[in-house]
Amino acid sequence: MTKPDPAELPATLYGVRWEGGLEDGHLVLLDQTRLPKDLVYLQVRDIEILRKAICDLAVRGAPAIGIAGAYGIVIHLVPLAKTATGKTAESLEQAHAHAHERLVSSRPTAVNLRWALERMRDCFQRHSDHLTPLEMCARLLMEAKRIHREDLELCRRIAENGAALLPISGGIYTHCNTGALATGGVGTALGCLVEAHNRGKKIQVFSGETRPLLQGARLTALELQHAKVPVTLCCDSAAASLMARGKIQAVIVGADRICANGDTANKIGTYSVAVLAKFHGIPFYVAAPYSTFDLALADGSLIHIEERHADEVRRSQGVQLAPHDVPVANPAFDVTPAALITAIVTERGVIEHPTRERIATLMAGGASEPAV
Ligand code: MRU
């Protein structure tokens, strides 16, 4: 365990990594609950441990939990494949279904987790009658690595498209954490900020601390300092005043699920920032890859919003802040209506003033998954 001074963090930050080969390999997660104080890596070889890491937010951020879930299928099936008696991978079908179910139910709002697990299931179904159990695991590991590499490329393209959109100077407000820790690459909204800075734009990022779990304070502030992007941390409740005083020229956030009409679920508090931006005439941007779109959902009223434990609000970092038994509302996400979103930045391009038609056109006609 090390103390992560930003200057001493590894040059490339990552939240999820596969280490080793197929039979001796395992998943490595940077325990994000311990940041910024401690740099602790979890060595994960068991699906229930992975489920707990996802539920506890040791690994978090929509794309990152999708990638971790994909590797999770592999860590569950490899030990069974080594001793499987059946000739084909069909003998692993029940175990695969079990792993899929345990992982997909761990966090319900971010659609990337379901998307990645469905890709793994499609891969399994395509090959289960002609590959041996171990060959199937090798094929699944290849698919998980492809999902991981693909996300790196998606982030890169989103960062380019978003950086072009951001003002050449001024204050940019962001919420929660959407960086390397939350994805397989440089991040979504945070990637746009880093890219804008690297292109010479004179931006000053304001990071809302993101109560109750403080992803903005603990993770975004750390990542932006690490990338040498000027960042100022503020309480979530300071956003209105900062906007009223002319300190914010744009807002950019990530997403956990974007519906067919553009309604967007993201970390609780995003909706209030969007309302504030509208009131102050400030552009409000959402940055996300195609894997965050759920075109089967007509609008945001249909999104399942995860409700988390009351103690996350009553307590913070082990300190009691409220009566131990006071009732608490703790929705982990909220839905920003499409009408409040100036543009959605994707790897395929920018959807200005998103509508059902514009989203359908970009998602159907745009480039498909990047070749990786
Ligand atoms: O509960 P979390 O920390 O997983 O919530 C994360 C967010 O809301 C992010 O904004 C979103 O997943 C996009 S990450 C690129």
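This tour visits the pockets and cavities of the structure, and then a pair of helices. The model is predicted.

**First stop: the largest pocket**

Select Thr12, Leu13, Ala180, Gly185 and Val186. Of the 21 residues that line the largest pocket, these are the closest to its centre. The pocket holds about 370 Å³ of space. Next, colour domain 1 (6–154) and domain 2 (158–363): both contribute to this lining, so the largest pocket lies between them. Helices α5 (133–165), α6 (189–198) and α7 (215–226) each supply at least two lining residues, and α5 gives the largest share, with four. By class, the lining comprises eleven nonpolar, seven polar and three charged residues.

**Second stop: the second largest pocket**

Select Thr33, Asp56, Leu213, Glu312 and Gln317, which lie nearest the centre of the second largest pocket among its 15 lining residues. Two or more residues of this lining come from each of α7, α10 (311–314) and β12 (315–316). The volume of the second largest pocket is about 280 Å³. Its lining has seven charged, five polar and three nonpolar residues.

Three cavities of 30 Å³ or more are found in the whole structure. For the largest, of about 190 Å³, select Arg60, Gly61, Ala62, Asn177 and Asp256, the closest to its centre of 23 lining residues. The elements α2 (62–83) and β9 (264–267) give two or more residues each to this lining. Ten of the lining residues are nonpolar, nine are polar and four are charged. Domain 1 and domain 2 both take part in the lining, so the largest cavity also lies between them.

Select the residues that line the second largest cavity, including Pro63, Trp115, Ile147, Asp151 and Ser291. Two or more lining residues come from each of α2, α4 (111–127) and α5, and α5 provides the largest share, four residues. The space in this cavity is about 70 Å³. Its lining divides into six nonpolar, three polar and two charged residues.

**Last stop: a pair of helices**

Finally, select residues 47–55, which form α1, and residues 93–104, which form α3. How are these two helices arranged? Their axes are 9 Å apart, at an angle of about 20°. Angles under 35 degrees count as roughly parallel, and α1 and α3 are therefore roughly parallel to each other. The crossing of α1 past α3 is right-handed.

Methods: Residues numbered from 1 in each chain as written. Predicted model: local features only at pLDDT ≥ 70, side-chain atom pairs only at ≥ 80, totals over all residues. Heavy atoms only, no water. 1 Å grid on protein atoms, 1.4 Å probe; cavity = no way out; pocket = protein on both sides within 12 Å on 5 of 7 lines; lining within 4 Å. Points joined across faces, edges and corners; volume = space filled by probe spheres on them. Nonpolar A, V, L, I, M, F, W, Y, C, P; charged D, E, K, R; others polar. Domains from an automatic or database assignment. Axes fitted to C-alpha atoms, helices over the stretch in contact; angles between N-to-C directions. Parallel < 35°, antiparallel > 145°, perpendicular 65-115°, else oblique. Left-handed = near helix turned anticlockwise from the far one by under 90°.
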